[in-house]
Each structure stands twice: as C-alpha cells, then as structure tokens.
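Student: I'd like a close look at one part of this one. Could you show it to me before I pick the spot?

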Protein chains: 2
Amino acid sequence: MAGKLYFTAGPTRLHPAVEPAMRRALAEGVASISHRGAGFRRVFERATGRVRELLGIPATHSVFFLSSGTECMERIVQNCVREQSLHLVNGAFSERFHRIAESLGKRAARVEAEWGEGLDTGAVVVPDRAELLCVTQNETSTGVATDLGGLAAIRRQRPDLLVAVDMVSSAPCMEVDFELVDCAFFSVQKGFGMPAGLAVLSAGPRALERAAALKAEGQTIGSYHSFESLAAKAAKHETPETPNVLAIHVLGEVCRAILAEGVAAMRERTAQKAGLLYEALERHPALSPFVADRALRSPTVIVGRAHGGSRAIIGRLAEEGFVVSAGYGRYRDEHLRIANFPAHELSQVRDLVDAL
Amino acid sequence: MAGKLYFTAGPTRLHPAVEPAMRRALAEGVASISHRGAGFRRVFERATGRVRELLGIPATHSVFFLSSGTECMERIVQNCVREQSLHLVNGAFSERFHRIAESLGKRAARVEAEWGEGLDTGAVVVPDRAELLCVTQNETSTGVATDLGGLAAIRRQRPDLLVAVDMVSSAPCMEVDFELVDCAFFSVQKGFGMPAGLAVLSAGPRALERAAALKAEGQTIGSYHSFESLAAKAAKHETPETPNVLAIHVLGEVCRAILAEGVAAMRERTAQKAGLLYEALERHPALSPFVADRALRSPTVIVGRAHGGSRAIIGRLAEEGFVVSAGYGRYRDEHLRIANFPAHELSQVRDLVDAL
C-alpha cells in the first residue's frame, strides 16, 4: 500500500497536515488526556472554532462530534422527525438516508432522479406532512452535485420544514448557506483527508427546538447522542461519551492548514483540478464523464464512464501508483471515480491526467 | 503533557505497541484503504480474531465494532429489550447503563448498592418481566469489581433472561465466561491502552435472536448499528459504516503484543501490580483503599480515599510526572483513582508507589 497516491472517494489520500499533527499529538500525550479536563476542552474549542470559520457555520448553530456520516443521518432523523421525512434521492448515499429513516419507523417519502441526474431543489413540491427535507449536496456514488439555491424557495413555501444537508463529500469545497439549513454533516475521511472515525454535525436552533418538542411528546430521540445531550455537553466544549480525541485534535490542525491557504484559494484550486480531470475524461478515447449536464458535475468526485469496462483502466492506473475508486453498486465495473479534495495537489492531478 | 506517565482511568498511558503500529500503518496507507476492499477485510479479521483469542470469545458470538462503550449500552438496550431491563447499580457507569435504558423509553429496574460496595450476582432476584440483566464487571467510578460467578444461578432461575456485561475497564484483565453472557463490551482507551474512539461489542446467538424477534414485532432496533445490520456486515469482515480503520488495525497489533506476553502472565502481572498499589494505600498515612472488602477490590482501577482531600496529593504526583485520576462525581475531591492496565509496567508502578 506504501508509495501509492490515493484518489479514492474516501478514505483517500491523507492531508499533508495529518501525519505531523498525529505524531506531535502522540508525543505530547494528547491521546492520554482526560476528556473531562481543560486540555480536552481546548482541543474541542479549537477544532469547532476552525470548522466554523472554514465552513461559515454561524454562532446560532451547535457543532457536534459523531462517529460517521451514517450516524449523523440516524441522529438527525431521530431528533427531527415525528412521522414523515422527505428525501431527494439520486444515488446510493441519498438512498441510504432514506433507508435509515425507514428503519427508524418513519414514513419516508422520496423525490427521485436517475443515477447521474440531478434534482432541482427549487421545484420540489413538499408534501404537507413532511417535517424534514434531506438533501445530498454531492452524491459520492454518481458524482452529481446538487445546487442548494432552491432551498430559499422551499423555506418560503414551507417555513416550518427543517432541512438537512449531507455534505459528506462536498465539505469544505462547496458552499452551504447555513441560514437555510438546520442540520448539515460530514465525515472527516473525505474532504478533510483524515483517517475515518469522526464526523461533524451542525445543528441549528430550529433543529434543537424540534428535538425538545419530540421529547416532550414522549418520542425517543436517542440517549447519549440526542441533540439535547450533545448540546448540553457542547456548551461546555465536551462530548457525552469519550470521543475520538486524537481525531478531533487532528481535525483542528487540518482546518488550520486549509485556512492558511484560504477558503477562496482552496475552492479555486478545486475547480481548476476538476476542470483538468473532466477535460481528461472528455479527451480520453475510452472514457467520458458520466454526468452529462456540466452544471451538475461535482467538483470533488469526478465520475467517468468506461466504454468496455473500468476494471482494466483502474488496474493499469494502480500499476502506475494511482489508486482510484471503482464505480458504485450497479456501476461498479462501468465507472471509475476520482476524488478531488484539498489534499490532492495540482501537480498530483496533472500526473494522474498524464497517466490517464 | 509530554514526558508524563498516565495512570489515569482511561484515556490512559498508551500501550507501547500503539505508536509504532500507528506510524507503520500511516506509512503503509492503512488509513487510506477502502473499507469495502480485501485489505480492510484482512484488518477486520486479524483484529477480531485476536480479540477473540485474548478474551476467549467463542465462535458462536459475533464481534462488532462500535465507537464508544456508551454506544454499546444504547445498542444493547435497543436490540435486547422490549419493555424491561434490570440493572445492578453500584457506581456512575452502571448508573449510566440504567439511564440510557430509561432514555430509550424502557422500564429500567435496578438493584442497588452503595458506592464502594458490591452486589452479589448470585443473590439477585430477577423480576418476572425483566428481559435483560446489565452488570458492570468493574466500576471505574469506585474501583469495585463484581464477581460474575452468580450468573450461572441466574441462568438456572431465568433461562430466557439475556445478560449484558460492561467490561469497559476490566477487559482484558478479568475473565468473562461467554457461555453465560449474551452481550459484552469494552472501549479501547482503557485496558488496551489505545487512543479513544473505538469500542468492541460481542453478541451471542440469543441476543441476535432477540433483536430479530423485536424487529419482527415492529420495534425499532436502530438502523445501521442494529444487531442485524452489524451481523450481516461482520459475516463479511466489514462494518455498516466507514469505521475507524486505523484504530481497528492498531487494536489487532495491541492484542498481538498482549498475546505475546501471554494472557495468564499478563493477568498475573496485573495482580502483582494491584497488590503493590493497594499495599501502598494501606501503608500511606493520609490514604486508605476506598473499597473496604478486599474481595471486591478491582485489580485494574485502584481507588484511594484521601483523608483531608485528594487534590493536594494528585497535584504533587503530577509535579513528579505521574498523572492519576481524581475521584468520580461526588467523590471528586476525596478520592484518587489509579489505573493498572497491561500498558502499565511493573517498574512504573514501583516508581509511582515510591512517589506516593
């Protein structure tokens, strides 16, 4: 596994800030400190402060640490839905959010688009009884990015509707207007280039009020990871359980490195690298971009369709030291997926393009 | 924080195998591999295989990875309890198990002992409607170890009752007879000396059957971390979500190191170190063991009562480089708690005893 360059959709190439931060943290005993002491509270405050700055999360919204994007989906449904949720489904991860709501006993409605196609958030007709709208900003399975601009119209249409955004593979590269979003979440092994095992969930005041109302009605909103429990601890810069302290520390260091580059510069670099990758797919005799509509093409997960199958191309890239992801699910052997996160340098993308 | 020796109750001193294993794993790309590939399945199989060998978990029981001991409590209640659980409560962590069952809407009965006292498992009268008995093998808050020998009598009394054992601070130092235990769990930041952020839950066939029965009745048993979902993935050496891959890998390496010493030798060393620590408390003019009954004294969490308050002693030890835990909750300023895990060497315990 050594010496390879991971362009996989996550876990992926580690951000260059990760290894030095971990080494230093281990040497300094960060993994041994108490999660109920001042040292940990500083780690928590630093990491959440930088995540807020990087993503533009306002002070009105809490920032919680969970263990995976999948856990975030479960906790959002438990804390925000009495009976009915609505899901925009256009791939495997938006599908997962829907399935989780169903397995928690909710009536989970869905508006659907084919894999590779997008959904117009502004045109969604929200059923009267829906309490939460779940949108996936970037479908990691298909490489379709969803424009969240339509959320303003939905807010006017249904002011009481809560909105949850899956930013798992879009953060920190794509923008979210947190004024229109009650819950948003990501896991750290994608855009933040960290080892897996930590997720971040931002929850706004309307989401916390909903959770409190559901609890008052006698609904189970979970135990240690109910929004109520998470918010009470977060207010003290702590977590309900012993968390992944080392990862929270490293997240703070990765955010610092990205902030040092500058958010605008990082996003410009992301767009530039995405341009090179899509261009390479278009020029390639045996490949083409899976997402036909240019406006829907994800800047962070670039999906190519391989005429004649993707296995051979993925294998040849691996021989040259470039690891890319296979297609997802039914497209496993037809697609290849290339991650384009802040950890991926322009020169590395150029090398991958050359190898392609 | 550097250069200190952590005898804290967890997070604690890192096991010497941790840092080299992490360094090597990062260099080899373990944190970048896909959690759906053969490389990860080997990591999973190696870690679960060694945990099984170390703790004596039989092939009949599944081994799942969760993110904290607290999560294990929640998942056990969700998957094993229709209406009523029974909790043996003699400290803060057995209390937490009880509170989690309550917040999940269960009627959680309790048999209680004072902090510092034990509970005779063999003498427990189980209410007719109780479906799950929850026992804490080692109360990290008080340093009381509970003898599980009475579980055989309970099994005869109530063959249908499921039994869950919290091994959070007892594994791998204290034995559990998995024939009498349906669910057992621990988190890795205590006896395994690892950074926090991973927990292990073993679930036997009766627990899986109970979860299936509850689901068939229409009860919500959770979503991605229902026993059904965990078991389906574990059968393929995978996890439902993207897990803490690096920690699973490191757990395998720590288990290898402990197995190399030998389980019997490690437990003998634990008893020897515990003997030195309790002796030191007894000899000390300002300290005495909190747990009066010698038979109940935990080998892994040694709790001392400080006549005149523990703050000054804890501060003086810290100045000499030894970090011990304060008392828990109401005993914060009266007690000190000293961890005695496999990562703590005999010579280090001798140094701590000298400093005391």
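Student: At what angle do helix α8 and helix α9 of chain A pack, and how far apart are their axes?

Tutor: First, the ground rules: this is a predicted model, where local features need pLDDT of at least 70 and side-chain atom pairs count only at pLDDT 80 or more, while totals for chains, interfaces and linings use all residues. Residues are numbered from 1 along each chain as its sequence is written, chains are lettered from A and ligands numbered from 1 in the order written, and side-chain values use heavy atoms, with hydrogens and water left out.

Now the pair: α8(A), residues 245–261, and α9(A), residues 263–283, pack at about 85°, with axes 5 Å apart. Helices here are DSSP runs (H or I, at least four residues), numbered from the N terminus. The axes are lines fitted to C-alpha atoms over the stretch in contact, with angles from 0 to 180 degrees between N-to-C directions. So α8(A) and α9(A) are roughly perpendicular (that label covers 65 to 115 degrees).

Who touches whom? A:I258, A:L259 and A:E261 from α8(A) meet A:V263, A:A265, A:M266 and A:R269 from α9(A), contact meaning heavy atoms within 4.5 Å. Sorted by class, that's five nonpolar, no polar and two charged residues; Ala, Val, Leu, Ile, Met, Phe, Trp, Tyr, Cys and Pro count as nonpolar, Asp, Glu, Lys and Arg as charged, the others, Gly among them, as polar.

Zooming out, chain A also has a partner: 48 of its residues are in contact with 48 residues of chain B.

Definitions and conventions
Helix = DSSP H or I, 4+ residues; strand = E, 2+ residues; numbered from the N terminus. Parallel < 35°, antiparallel > 145°, perpendicular 65-115°, else oblique.
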